[in-house]
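Dear colleague,

Please find below the structure that I am handing over to you. My findings follow it, and I would be grateful if you read them with the structure open.

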Amino acid sequence: SHDSVLDADFFGLAASVSDRIVAETECHRGSLASPAWVNGTAITPIMARWLLQACRSGPWLPNCDMAKIYSMLWSNSVNQQANAMLINIVVPFFPFGHLSHPFISKVERILDDAREAYNRAHPSRPVELSLTGFQVGPSAIKDAVFAVYPAMVGLTLLAAFITLGFMLKSYFVPFRLALTIFLPLASVFGLAVLVYQDGILNWTGITAISSSDGFFWSVPIMILTVVVGLCLDYDVFLITRIQEHRAEGYDIQAATCKAVCETGPTITAAGCIMVSVFGGLLLSDQMIMDQTGWLLSTSVVVDTFLVNTVLVPALVSLGDQIAWQPTKMPRHNLITLDTPEFSDSLF
C-alpha cells in the first residue's frame, strides 16, 4: 500500500536528505526532485495524498494541472509496491568531470548519516539509502583501485628488482637501477601534469597536447607498469653489456664507454620506432588516447636519450668495487680508455 512510502517519518527523511544535499553540495534547491521534495519545497504525506486524489477525481478540481505533474513525478519516482522512492539530482557541473568524485563522496556520507540516524530511531522499520547514476559505479571502482594502487606499485618494483638481482647476480645493481626508474617516472608524469593540467603547451593550439579537465584517473594506473617495463628494458640491455665487458677485464669507465657505443645505435633506433608508434595515439580525437600516447612517447624519449646515455652510465660508474657483489670482477691489469682499442675504434 501507499502507506509504506506515504509515511510522515519517511517523507521527513527524504526531505531532510534533500535539504542536506542542498546545504552541503553545489546543488540548488530546484535541482532535486522527489515526491517528498518539489520545487525546493518539502511535501507532507497529506499534501501528497491530496494531489494524487485530485488527479484521479477529474479535471474540474482546482490545481489539477499541478496534480497531474505530481502524479507523473510519483509514477516515475515510486515503485509499484510503493516501498521505495527515487530522489532525482541534477548536478550543476559536468557530470563526467573531476567534480563528480568529491560530490559523490559527499552525498554518500550524507546518506550514510541519514540511514544510521533513521534506523536508530526506527529499529522496527529500517530503510536503505543508496546512490546510483552513471558516475557512481566508476567512482566506486576508482576508490577500490586507488586503495590497492600503492601495493601494486610496490609489488611491481619489488618483483623487478628481485628479477634483476638474480639475473645480474648482484646485490647493489638493482638499487642503483631504482634511480633509473624513479627519476624517469617523476619527470614523465610531472611533464604530463604541466601539459594536461597546467596547460604549458596550450599556445600551440593542438588539442592533443592542450590542457583538459585533469587526467583520466585510469591512465596513470594503466601506464605505470608499461613505463616501468620500458625504463628497465633498455637499461638492462645496456647494463648487462657493461657487466660483460667489466668481467672481460675492462675498468668501469672503459666498460661503460664500450657498452654505450655498442648498444647506442640499437637502443636509439628502437626508441625512435616506439616513439613513432606511441605518438600515433596523439592523432586520436579522444583525450584518454592522447594522454596515453603522450605518457608512453615521453617515457621512451626520456629513457632513450637521457637515462641510457647519461643516468645509467653515471650511476654504474659509482662504487665499482662493491657494485657487482657477490660476483667477483677483475681488479688488476684492467683495460682502460688509454688503450689503442678505444683511440682507434671508438673515438
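The model is predicted, and its mean pLDDT over the protein is 85. A score of at least 70 is reached by 95% of the residues. Confidence is highest in strand S4 (residues 88-89), with a mean of 94, and lowest in helix H11 (residues 340-346), where the mean is 62. I would ask you to keep these values in mind while reading on.

Tryptophan 324 deserves a look of its own. When residues up to four places away in sequence are not counted, the contacts of tryptophan 324 include Ile239, Ile242, Gln243 and Arg246. Lys169, Ser170, Val173, Ile252, Val316 and Met329 are also touched by this tryptophan.

Next comes a residue in a loop. Serine 31 is found between helix H1 (8-24) and strand S1 (32-33). Is serine 31 buried or exposed? Its relative accessibility is 5%, so serine 31 counts as buried. A polar atom of its side chain lies 2.6 Å from the backbone oxygen of histidine 28. Beyond its neighbours within four places in sequence, serine 31 is in contact with Asn88, Ile89 and Val90.

I turn now to charged residues. Side chains of opposite charge can pair when their charged atoms come close. The structure holds 10 salt bridges.

One of them joins arginine 125 and aspartate 7, with 3.2 Å between the closest N and O atoms. The two residues are 118 residues apart and belong to distant parts of the chain: arginine 125 sits in the loop between helix H4 (100-121) and H5, and aspartate 7 in the segment before H1. Arginine 125 has a relative accessibility of 37% and therefore counts as partly exposed, whereas aspartate 7, at 17%, counts as buried.

Arginine 241 takes part in two of the pairings described here. With which residues does arginine 241 form a salt bridge? One partner is glutamate 244, at 3.6 Å from N to O. Because glutamate 244 and arginine 241 are three residues apart in helix H7, about one helical turn separates them. The other partner is glutamate 262, and here the closest N and O atoms are 3.0 Å apart. This second pair links distant parts of the chain, since glutamate 262 is in helix H8 and arginine 241 in helix H7, 21 residues apart.

The residues around arginine 241 can also be described by their accessibility. Arginine 241 is partly exposed at 24% relative accessibility. Glutamate 244 is partly exposed as well, with a relative accessible area of 43%, and glutamate 262 is partly exposed with 31%.

Lastly, salt bridges also link Arg20, Glu24, Arg109 and Asp113 in a network.

Yours sincerely,
A colleague

Methods:
Residues are numbered from 1 along each chain as its sequence is written. This is a predicted model: local features need pLDDT of at least 70, side-chain atom pairs count only at pLDDT 80 or more; totals for chains, interfaces and linings use all residues. Side-chain values use heavy atoms; hydrogens and water are left out. Contact means heavy atoms within 4.5 Å. pLDDT is the predictor's confidence in each residue, from 0 to 100. Helices (H or I, at least four residues) and strands (E, at least two) are DSSP runs, numbered from the N terminus. Buried means under 20% relative accessible area, exposed over 50%, partly exposed in between (1.4 Å probe, protein chains only). A polar contact is a pair of N or O atoms within 3.5 Å; within protein, one must be able to donate a hydrogen and the other to accept it, and residues adjacent in sequence count only if both atoms are side-chain atoms. A salt bridge is a side-chain nitrogen of Lys or Arg within 4 Å of a carboxyl oxygen of Asp or Glu.
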